[in-house]
Amino acid sequence: MILSYRWRDQQRPDAATIEHLQRQADGGSDHPDNLALACKKCNDGREEIDWLTYRSLKRGEFKEYVRSVDQGAGAAE
């Protein structure tokens, strides 16, 4: 991961970014407890997925992902 003030370096996929664990769109704050360092590729790729599910997907832990989807479908019924 690279941390730089240069705009060109900040566009690299391995550039360091500040990520909100709970997205601001979902009510997350700028409090330090809600922030983490992530590479630009991961921060951009996460989109609307919660950070625990995204981490499981990145680590190949599909069982946790399938279980969370099943629980979400059960709650909607």
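1. Basis of the comments. The model is predicted, and local features are taken only where pLDDT is at least 70, side-chain atom pairs only at pLDDT 80 or more, whereas totals for chains, interfaces and linings use all residues. Residues are numbered from 1 along each chain as its sequence is written, and side-chain values use heavy atoms, with hydrogens and water left out.

2. Confidence. The chain averages a pLDDT of 83, and 91% of the residues score at least 70, where pLDDT is the predictor's confidence in each residue, from 0 to 100. Where pLDDT is low, the predicted coordinates should not be read in detail.

3. Ile18 is exposed, with a relative accessible area of 54%, whereas Glu19 counts as buried at 9%; buried means under 20% relative accessible area, exposed over 50%, and partly exposed in between (1.4 Å probe, protein chains only). The side chain of Glu19 is joined to that of Arg46 by a polar contact of 2.8 Å, a term for a pair of N or O atoms within 3.5 Å, of which, within protein, one must be able to donate a hydrogen and the other to accept it, residues adjacent in sequence counting only if both atoms are side-chain atoms.

4. Nonpolar surface. Ile18 also belongs, with Met1 and Leu37, to a nonpolar patch on the surface that has about 350 Å² of accessible area together. Patches are made of residues with over 30% relative accessible area and no salt bridge, like charges being joined within 9 Å and nonpolar side chains (Val, Leu, Ile, Met, Phe, Trp, Tyr) within 5 Å; the areas come from the Shrake-Rupley method with a 1.4 Å probe, and for residues only the protein chains shown count as cover.

5. Salt bridges. The structure holds 5 salt bridges, each defined as a side-chain nitrogen of Lys or Arg within 4 Å of a carboxyl oxygen of Asp or Glu. One of them joins Arg12 and Asp14 at 2.9 Å, N to O, with Arg12 partly exposed at 35% and Asp14 partly exposed at 29%. Another pairs Arg23 with Asp26 at 3.0 Å, where Arg23 has a relative accessible area of 22% and Asp26 one of 45%. A further bridge, between Asp44 and Lys40, has an N to O distance of 2.8 Å; both residues lie in helix α2 (residues 40-46), 4 residues apart, about one turn of the helix.

6. Helix α3. The buried residues of this helix (residues 51-59) are Thr53, Tyr54 and Ser56. Seen down the axis of α3, they fall within an arc of 160 degrees, so they line one face of the helix, the arc being that of the directions from the helix axis to the C-beta atoms. Tyr54 has 14% relative accessibility. At the start of α3, a side-chain oxygen of Asp50 reaches to within 3.2 Å of the backbone nitrogen of Leu52, and the helix is followed by Gly60, whose phi is positive, near 80 degrees.

Definitions and conventions. Helices (H or I, at least four residues) and strands (E, at least two) are DSSP runs, numbered from the N terminus.
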